[in-house]
Amino acid sequence: MSRRYSFDDREVVRINEFKKQYPQWSCEPLTAQKRAIFSIIRDKNTRKDEFVFYADRMTRLLVEEALNQMPFERTTVETPVQDATAPATKFVSKICGVSIVRAGECMEGALRAVCRGCRIGKILIQRDEETLEPNLIYTKLPSDVAERQVLLMDPMLATGGSAIRAIEVLIDQYNVPEDKIVFMNLVAAPEGVHRLCKRFPKVKVVTGVLDDRLNEKGYIVPGCGDFGDRYFGTI
C-alpha cells in the first residue's frame, strides 16, 4: 500500500547542523520525487540510459536551486493589460558555467536548458589515486570569466580536493572573486563539505544529498559509484 511521503527527521536534523556550521552551504531534505530519483541513480543495476535520464533530471532540479544563489535586482515589467505593470526581478550579472572534467560535463546540458546562451568553461583535474590529491592538467575559460557569476559543476564532492583546486584556479589565475562562485554537486560526503567550506567561506555550495562518509579509498558511501563512468558508459 502506498502512503504519503514524509521527511526523514534524522536527515533534517543532520542537514540543519551543517547549515548552522556553514551558512554558505545549501542542501534541502529530500522530497519524495528527489528520493525516488536518487534511488534509481544509486542502484548498481540501473541501465545506462535510465541513469543518464534521471541524472539529468536531478541535475536540472539542482541547477534551479543553484540559480537562487545568484544575485538579483528588483525591477518592473509592463504586462499585456493596458497601463498595468508587475514587480519583477532579473539577474544582476551574466553567468558562466565551469565544469570539472570529466564528470562535471554531465551537468552542462541541464545548465544550458535553463540558461540560454550560457558560456561554458572547463577545468581538467586528475586525482592521484595514491595520495588522493588533485593535479591540474588543463583549463579553458571565457576571457571575461572574472566579470561573471561562476557556477562550478562536479556531481561528486568526496575529499573536496578537486573542487578546492578548481576554485584556486578561478581565484588565483582568473581573478574571479570568491563570493561570485557557486559550487554545485549532486552527492557530497561530510568530509568534503567540511574541507571545502572551511577553505573558502565565501563560496556558496549547493548539494543534492549529503551521504554518510568516505571509505578508506576516498569513495563516497553509500554513493552511486563512479558517476562519469556510469554516465558515459565507460565502466
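Phe18 is buried, with a relative accessible area of 9%, where buried means under 20% relative accessible area, exposed over 50% and partly exposed in between, for a 1.4 Å probe and protein chains only. Trp25 is likewise buried, at 3%. The model is a predicted one, in which local features need pLDDT of at least 70 and side-chain atom pairs count only at pLDDT 80 or more, while totals for chains, interfaces and linings use all residues. Residues are numbered from 1 along each chain as its sequence is written, and side-chain values use heavy atoms, with hydrogens and water left out.

Rings of Phe, Tyr and Trp (its six-membered ring) pair if their centres lie within 6.5 Å; planes under 30 degrees apart count as stacked, over 60 as edge-to-face and the rest as tilted. Phe18 and Trp25 form a tilted pair, with 5.5 Å centre to centre and 50° between the planes. Phe51, Phe227, Tyr231 and Phe232 form one aromatic cluster.

Phe18 also takes part in a helix contact. The axes of helix α1 (residues 9–21) and helix α6 (residues 190–199) come within 11 Å and cross at roughly 15°; the axes are lines fitted to C-alpha atoms over the stretch in contact, and angles run from 0 to 180 degrees between N-to-C directions. The two helices are therefore roughly parallel, a term for angles under 35 degrees. On the α1 side, Arg14, Phe18 and Gln21 make the contact, and on the α6 side Pro190, Val193 and His194, contact meaning heavy atoms within 4.5 Å.

Terms used
Helices (H or I, at least four residues) and strands (E, at least two) are DSSP runs, numbered from the N terminus. Angles under 35 degrees count as roughly parallel, over 145 as roughly antiparallel, 65 to 115 as roughly perpendicular and the rest as oblique.
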